[in-house]
Amino acid sequence: MPKQVSFSMPFKGRFVKNIVFAIAALIVCFQGSFAQNAERFFEKKDLMQVGTYYYPEQWPESNWERDIKKMADLGFEFTHYGEFAWSTLEPEEGKYNFEWLDKAVALAAKYKIKVVLCTPTPTPPAWLTQKHPDILMVNAEGRTIKHGARQHASWSSKTYEGYIDKIVTLLAKRYGNNETVWGWQIDNEPSHYGASFDYSENAQQAYSAWLKNKYKSIDTLNKVWGNAFWSQTYNNFEQIRIPNAKELVQQANPHSILDFKRFNADEAARFVLLQKDILRKYIKPSQWVTTNLMPHHSAVDPLRMKALDFQTYTKYLAEGYDLGHGEQGFRMGSAHSIGYSNDFFRPINGVSGVMELQPGQVNWGLFNPQTMPGTVRMWMYHVMAGGNKFVCNYRFRQPLSGGEQYHYGIMKTDGISVSRSGDEYVKVINELKQLRKVYQAGTATPSILAKRKSAILYNPDNRWEMENQPQSNQWDYVAHVNRYYKALKSFGAPVDVIDESHDFSAYPFLIAPAYQLLDRNLVARWKTYVENGGNLVLTCRTGQKDREAHLWEELFQNPILELIGASEIYFDLLPATLMGKVKMGEISYNWNNWGDVIQPNSGSSVWASYTDQFYKGKAAVLHRKLGKGTVTYVGTDTDDGQLENKVLKKVFTGANVPTLSLPEGVLVEYNDGFWYGFNYSSKTHVMPMPAIAKVLIGDKTLKSAEVVIWKE
Ligand code: GAL
């Protein structure tokens with residue numbers, strides 16, 4: 001750094017500038033190591049720590065000590081307080097009551113339980129919204145969302161920010177040096193849930209300012225949005241409203257929708273990160289700061305919250321929506337639900353945690369089944385196998401009144417007996433004590449896993465753009481990605497979901513599913529990756545548009561054509577009542593979601609072709625070698641993922657990387673010296689393992705919802 005100082009400067013000026021640079025460099029290093037090294041908050045030998053939610057404000061004070069002692073007796077290592085407690089902390093404006101929280105924290109300390117403390121910002125008190133109704137969010141119908149549930153405040157309200165600043169500052173000052181407070185959670189699942197987007201005046205103004213900042217001039221915006229068509233041209237930024245289908249006759253301008261989704265995700269991140277900045281002013285460096293996000297909630301972008309120490313997610317699987325695998329799958333959920341969340345959140349900061357895990361039956365599902373015995377334990381080990389540093393059960397006690405009646409807890413409704421899922425938690429807590437004893441630091445990752453290491457490339461822009469312009473009612477981005485993820489997991493491959501800031505060369509296999517928006521720089525990076533030996537898999541829709549979602553003034557998908565070895569592509573979509581056919585080898589596959597019809601260049605191998613429709617005989621899957629690596633383009637999206645599985649298998653085999661062929665619902669994972677086998681299927685499965693394997697937990701014959709853990 002100091003080398004950059006100009007030598008022509010007078011000595012005094014140079015000296016001052018040197019000092020400034022040195023301080024700046026120190027700050028950058030300091031912040032950099034904070035952001036990058038989230039491992040420092042945890043001891044590897046603890047493997048995974050286990051906690052449970054508690055709401056002191058919801059129970060008579062006479063219960064607290066009994067409950068917290070019980071928590072400690074059962075072996076929980078941390079608890080979680082306060083994310084909804086604003087009206088108890090500040091019952092009237094400026095009249096604070098922290099004594100109850102002091103007592104609850106002190107009780108945790110007495111029983112040697114750490115506390116995750118939260119900012120209460122999803123629940124502004126009634127006095128606040130009564131005094132300032134303008135802080136409330138407004139839904140697409142123009143209805144102001146009122147006090148009575150949660151997450152009803154606008155992320156864009158400056159008035160609300162002022163109140164947040166006060167309460168968060170007081171909490172940070174009071175508990176920021178408290179030894180019992182382990183870390184902080186900001187807000188709770190920031191998302192606005194089903195109301196999704198905020199159309200309030202605050203949001204309108206913030207959106208306009210965001211656009212002004214991005215485009216600088218209204219002419220540029222008009223050009224990028226293609227506003228000359230349909231006379232959509234704006235004279236100034238103030239005329240622009242948030243695109244809202246409820247107030248328009250036809251579909252809004254697609255670029256305005258994409259920009260609005262970017263803005264909304266920026267607002268969510270700003271709302272979280274401004275609280276992080278307040279906390280960081282007062283809390284000690286050893287306390288971490290995170291938030292808890294819902295995997296797959298598309299309106300909020302975890303990547304924009306990278307400045308948190310690390311991220312955590314919340315997970316509910318047996319809720320009637322996720323029917324899992326086979327007849328009993330609804331009691332366990334899909335084998336890929338926890339896995340994908342692990343592999344999505346962990347690469348963001350290198351460390352992740354699970355802030356909420358379903359404790360058994362819940363109250364809000366489509367229907368609320370009992371979990372298959374063993375399921376909660378299996379989920380917990382799946383969380384651990386994904387490298388999470390902790391898992392927190394939602395919640396210790398089943399509520400008797402207020403929201404969330406019927407929601408299981410660790411304790412039964414009497415508050416003193418342990419529930420069935422509570423027993424499963426206790427079992428894991430005790431088994432963990434044994435596993436910690438046999439943990440060996442520094443165990444090298446088995447070479448077969450390094451060979452299979454795969455990445456899925458993700459950018460929320462692609463998802464937002466395709467949500468807006470799916471082109472078929474059968475297009476489903478999440479399901480599309482999941483077909484590739486599922487195939488990789490059936491091979492026993494470790495997977496990271498990464499964004500473009502990552503180094504692709506760390507992965508022998510890189511899949512960019514439906515990567516619709518890109519630029520030539522990314523295509524050049526892909527090319528270099530392949531030339532150096534990487535195996536790149538691109539799928540349908542990739543490269544149709546530039547980053548602002550303009551089609552290229554070139555042949556359709558032109559920027560990727562040379563890379564994939566094709567001269568032209570068009571796509572076809574079928575009705576739900578018709579299945580098209582694609583043949584690969586001797587096997588025929590059904591499709592109707594998406595079909596790219598590809599004209600190959602000479603030298604490219606056609607791996608699969610359409611066998612019906614007017615383009616019968618044309619290519620559906622293309623493969624080529626380039627430099628030391630390979631490029632494969634999969635133009636078809638099926639429902640059952642069999643074709644996708646077959647293609648990926650051929651890519652792995654071609655690269656001489658052996659794979660497993662695990663049946664549906666069965667998983668093998670590895671983390672830090674331990675191998676894990678999980679059975680989410682409805683059938684018994686015998687887990688293959690080498691003769692040298694030493695089983696530590698369970699048995700290699702796995703019934704539904706069972707786990708086996710071994711070392712090799
Ligand atoms: C979560 C939420 C919790 C609680 C839980 C009930 O999504 O973050 O506060 O409501 O659901 O299952």
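Mentor: A molecule sits in a pocket if more than half of its atoms lie within 2 Å of the grid points of that pocket. The model discussed here is a predicted one.

Trainee: Understood. Where does the ligand sit, then?

Mentor: The ligand sits in the largest pocket.

Trainee: What about polar side-chain atoms: how far is arginine 150 from an oxygen atom of the ligand?

Mentor: The distance from a polar side-chain atom of arginine 150 to a ligand oxygen is 2.7 Å. For glutamate 356, an N or O atom of the side chain is 2.7 Å from an oxygen atom of the ligand. Tryptophan 364 likewise has a side-chain N or O atom 2.7 Å from an oxygen of the ligand.

Trainee: How much of the ligand does the protein bury?

Mentor: The protein buries 95% of the 310 Å² that the ligand exposes when taken alone.

Trainee: Let me turn to the backbone. Which residues does the cis peptide bond join?

Mentor: That bond links tyrosine 394 to arginine 395, with omega at about 25 degrees.

Trainee: Where is arginine 395 placed?

Mentor: Arginine 395 belongs to the loop between strand 8 (390-393) and helix 12 (420-438).

Trainee: What is the phi of glutamine 557?

Mentor: Glutamine 557 has a positive phi, about 60 degrees, although this residue is not a glycine. Its position is in the loop that runs between strand 12 (535-539) and helix 17 (558-564).

Trainee: Last topic, the domains. How is the protein chain divided?

Mentor: The division gives domain 1, covering 447-654, and domain 2, covering 666-711.

Trainee: What separates the centres of domain 1 and domain 2?

Mentor: Taken over C-alpha atoms, the centres of domain 1 and domain 2 are separated by 32 Å.

Note on methods: Residues numbered from 1 in each chain as written. Predicted model: local features only at pLDDT ≥ 70, side-chain atom pairs only at ≥ 80, totals over all residues. Heavy atoms only, no water. Polar contact = N/O pair within 3.5 Å; in protein donor to acceptor, adjacent residues only side chain to side chain. Areas by Shrake-Rupley, 256 points an atom, 1.4 Å probe, with all protein chains shown as cover. 1 Å grid on protein atoms, 1.4 Å probe; cavity = no way out; pocket = protein on both sides within 12 Å on 5 of 7 lines; lining within 4 Å. Domains from an automatic or database assignment. Helix = DSSP H or I, 4+ residues; strand = E, 2+ residues; numbered from the N terminus.
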